[in-house]
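The numbered points below may be followed with the sequence and the model side by side.

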Number of protein chains: 2
Amino acid sequence: MLTAAALVLCGALATGAEAQATGDLGLVVERASGSLLVVDQSERARIGRIGGLGDLSHASLVYSPDQRFAYVFGRDGGLTKVDILEQRIVGRVMQAGNSIGGAISDDGRYVAVSNYEPGGVRVFDAETLDPVADIPTGGKTIGLVDIPGTRFVFSLWDAGETWIADLSDVPPQITRITGMGANPYDALVTGDGRTYIAGLFGADHLTALDLWQARPEPRAILPGYAEGRAGLPVYKMPHLEGWALAGTEFVLPAMGQHEVLWVDARSLEETGRTQTHGQPVFAMARPDGRQVWVNFAHPRNDTIQVIDTLTKQVIHQFKPGPGVLHMEFTPRGHEVWLSVRDAGRVMVYDTETFEKLREIEAESPSGIFFTARAHKTGL
Amino acid sequence: MLTAAALVLCGALATGAEAQATGDLGLVVERASGSLLVVDQSERARIGRIGGLGDLSHASLVYSPDQRFAYVFGRDGGLTKVDILEQRIVGRVMQAGNSIGGAISDDGRYVAVSNYEPGGVRVFDAETLDPVADIPTGGKTIGLVDIPGTRFVFSLWDAGETWIADLSDVPPQITRITGMGANPYDALVTGDGRTYIAGLFGADHLTALDLWQARPEPRAILPGYAEGRAGLPVYKMPHLEGWALAGTEFVLPAMGQHEVLWVDARSLEETGRTQTHGQPVFAMARPDGRQVWVNFAHPRNDTIQVIDTLTKQVIHQFKPGPGVLHMEFTPRGHEVWLSVRDAGRVMVYDTETFEKLREIEAESPSGIFFTARAHKTGL
């Protein structure tokens with residue numbers, strides 16, 4: 001039986017030291033061990049580990065609107081629901097043979113997963129992980145993002161199409177947009193959910209859609225952006241999600257080149273190029289857009305360059321260590337966390353002084369995902 | 001003594017039903033009773049009330065980075081720290097005689113308050129509420145916002161100046177910008193922390209600063225925007241914080257007119273006007289910018305108009321009830337909460353269908369503040 005004293009103690013446990021706000025938490029993917037490190041941004045510390053997630057190479061994840069649950073998309077087709085307050089797995093389904101990322105609807109009701117094998121997109125109830133809709137596409141799907149109105153957008157590698165799936169009713173209503181170009185390999189949507197941009201493996205341009213139009217029309221942008229220059233070997237496909245709004249421009253990694261491209265956010269015309277230390281993988285803007293941090297493909301993946309947005313010049317370069325795979329800024333940008341895989345460390349830096357503030361041990365860390373992503377479109 | 005069974009129960013209380021994520025919470029100011037309603041966006045419900053906050057007319061608040069604590073700025077000069085997990089006041093100081101809002105630094109270390117009486121800005125430790133810095137200005141200060149780099153920006157009503165206080169070292173380093181114009185009454189900073197815009201009571205224009213420049217220069221924008229037209233009585237000063245980025249434009253309430261103005265976000269030139277039902281108080285963009293929701297000054301404050309950003313046309317109008325004082329969108333914009341003061345209700349609407357989803361009882365509700373604000377600059 002509970003005594004009065006025990007009840008008081010219970011109360012303290014329930015609402016005191018054990019109470020945990022979730023606004024400054026995050027998860028770090030430990031790819032080799034199939035686990036997630038739970039981290040606290042304010043404490044600059046790891047506060048737990050969750051194991052048993054299967055193959056986490058190229059894993060990504062999204063958060064529920066309350067920032068309590070994460071949905072982890074494993075390369076092996078596993079969709080795992082994790083409770084970051086209780087630090088445990090609360091649901092897991094093997095939903096395909098090979099998947100490549102997912103998204104959560106704006107209302108938090110649905111989680112969608114983009115699949116290589118058997119292709120198509122599958123949609124699940126975010127609460128129960130029960131299947132809600134199956135959208136076969138006849139092949140690999142890529143570039144799956146959420147947009148307002150309980151909608152998802154994704155592209156078809158083989159068909160060169162982009163589909164919009166409206167989940168405000170089930171079964172979903174599908175809008176097909178043809179003529180996107182040969183072999184879209186990745187895509188992104190801008191932070192306002194308006195502009196969807198697909199990178200093409202089979203063409204020397206990208207394709208943009210204005211999703212605010214009733215019938216979005218594919219528009220080629222940056223035509224011939226690598227024309228006339230010998231392409232370097234693509235050690236790692238640049239991540240389009242690394243596109244970042246910096247001031248009035250987007251910054252993006254140039255495929256196969258040692259440079260980043262600057263693109264006017266309104267006209268989508270090229271406005272400049274900055275030579276970089278290596279072939280960029282991610283070009284990430286600090287949340288205020290004032291700086292852009294760039295990491296690089298192997299063998300130059302021990303280095304970070306920081307570019308000033310106004311001058312487009314590199315203002316800082318340093319070597320955090322071997323295998324810098326990912327970066328995540330605190331939501332208002334005063335600090336940045338870096339995964340340094342082969343050092344077995346996550347490193348935390350001040351973005352104004354560039355001082356290293358902390359090293360946190362991790363097993364082959366890759367993606368870092370802070371809970372503030374819950375409130376953003378398209379991440 | 002605790003039995004094993006009791007310990008198990010404690011564990012359940014600590015991490016089970018009582019565990020509370022903070023990403024989808026919020027606070028509603030109940031001005032008449034000096035209390036705050038704790039609300040849950042996902043449940044569309046009130047989950048608690050915190051009393052004893054003093055005079056909450058024109059109160060506003062900001063959140064700690066972990067979304068656990070709120071700092072409430074009362075009109076009576078009270079600064080109150082509230083724990084939304086434990087639903088109680090954890091600190092309170094009477095820091096001035098009459099205050100008009102505040103801000104929290106990007107790193108969450110400092111809370112700054114802008115004062116009418118005795119004027120100036122006071123800065124407090126966010127953890128303890130101990131005083132950190134006192135910045136006298138010789139008069140009323142307004143338009144206090146945070147920007148990156150542990151800095152605050154605010155303006156001086158009497159002197160027509162804007163000051164930047166850099167708190168990365170204490171005592172703060174102050175940069176004074178003169179020539180802002182006569183009697184700035186409110187100001188805002190854009191979401192990227194770059195452009196600071198002050199409204200002037202004593203001039204027929206606004207003044208902008210590019211804070212990315214080493215020496216920001218005041219620039220007059222929208223000169224004579226009400227020229228040649230009889231000004232209507234200003235029942236309520238429009239809130240500049242209602243400026244909203246919608247697509248490529250800002251939308252703002254025109255002072256003393258029945259219209260909202262559209263301003264190009266890059267050139268800051270006027271691009272259009274939309275006639276409205278009354279004198280707008282807030283013109284708030286849905287987070288994706290696709291819609292703008294407008295409420296109005298007395299006696300037309302029972303109505304909401306929704307404007308489509310692409311066409312600049314009113315696409316929906318309805319009467320939630322008497323005294324619609326404030327609006328807050330869920331972070332990804334699928335729902336909006338409205339304070340309907342004289343109905344004693346907060347009402348929740350779907351922003352796609354405009355269907356009313358819920359009514360929540362509240363005592364004279366005014367400002368609604370969701371925890372996602374913790375991760376935004378300048379809110």
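1. In chain B, the strands β4, β5, β6 and β7 form an open sheet of four, in the order β4-β5-β6-β7, with antiparallel pairing. The edges of the sheet are β4 and β7 (88-94) of chain B, each of which pairs on one side only. Between neighbouring strands of this sheet the average turn is 20 degrees, with direction ignored. It should be kept in mind throughout that the model is predicted.

2. How many bridges join β6 and β7 of chain B? Strand β6 (residues 78-83) pairs with β7(B) in the antiparallel sense over six bridges. Within this pairing, B:V82 has B:I89 of β7(B) as its bridge partner.

3. Some backbone geometry deserves attention. Most residues other than glycine have a negative phi, and most peptide bonds are trans. B:Q67, in the loop between β4 (60-63) and β5 (69-73) of chain B, has a positive phi near 65 degrees and is not a glycine. Is B:Q67 buried or exposed? Its relative accessibility is 0%, so B:Q67 counts as buried.

4. A positive phi is also found in chain A. A:N183, which is not a glycine, has a phi of about 55 degrees. A:N183 is placed in the loop between β15 (173-177) and β16 (184-189) of chain A. This residue counts as partly exposed because its relative accessibility is 22%.

5. The bond from B:E117 to B:P118 is cis, with omega near 5 degrees; B:P118 belongs to the loop between β9 (110-117) and β10 (121-125) of chain B. B:H298 and B:P299 are likewise joined by a cis peptide bond, with omega about 5 degrees. The loop that holds B:P299 runs between β25 (291-296) and β26 (304-308) of chain B.

6. Which loop holds A:D76? A:D76 is in the loop between β5 (69-73) and β6 (78-83) of chain A. A polar atom of the A:D76 side chain lies 3.1 Å from the backbone nitrogen of A:D55, and the side chain of A:D76 also reaches the backbone nitrogen of A:G78 at 3.0 Å. Leaving aside residues up to four places away in sequence, A:D76 touches several residues, among them A:G54, A:D55, A:R92 and A:N98.

Methods. Residues are numbered from 1 along each chain as its sequence is written. Chains are lettered from A and ligands numbered from 1 in the order in which they are written. This is a predicted model: local features need pLDDT of at least 70, side-chain atom pairs count only at pLDDT 80 or more; totals for chains, interfaces and linings use all residues. Side-chain values use heavy atoms; hydrogens and water are left out. Helices (H or I, at least four residues) and strands (E, at least two) are DSSP runs, numbered from the N terminus. A polar contact is a pair of N or O atoms within 3.5 Å; within protein, one must be able to donate a hydrogen and the other to accept it, and residues adjacent in sequence count only if both atoms are side-chain atoms. Contact means heavy atoms within 4.5 Å. Buried means under 20% relative accessible area, exposed over 50%, partly exposed in between (1.4 Å probe, protein chains only). Two strands pair if DSSP finds at least two bridges between them. Axes are lines fitted to C-alpha atoms, for helices over the stretch in contact, and angles run from 0 to 180 degrees between N-to-C directions.
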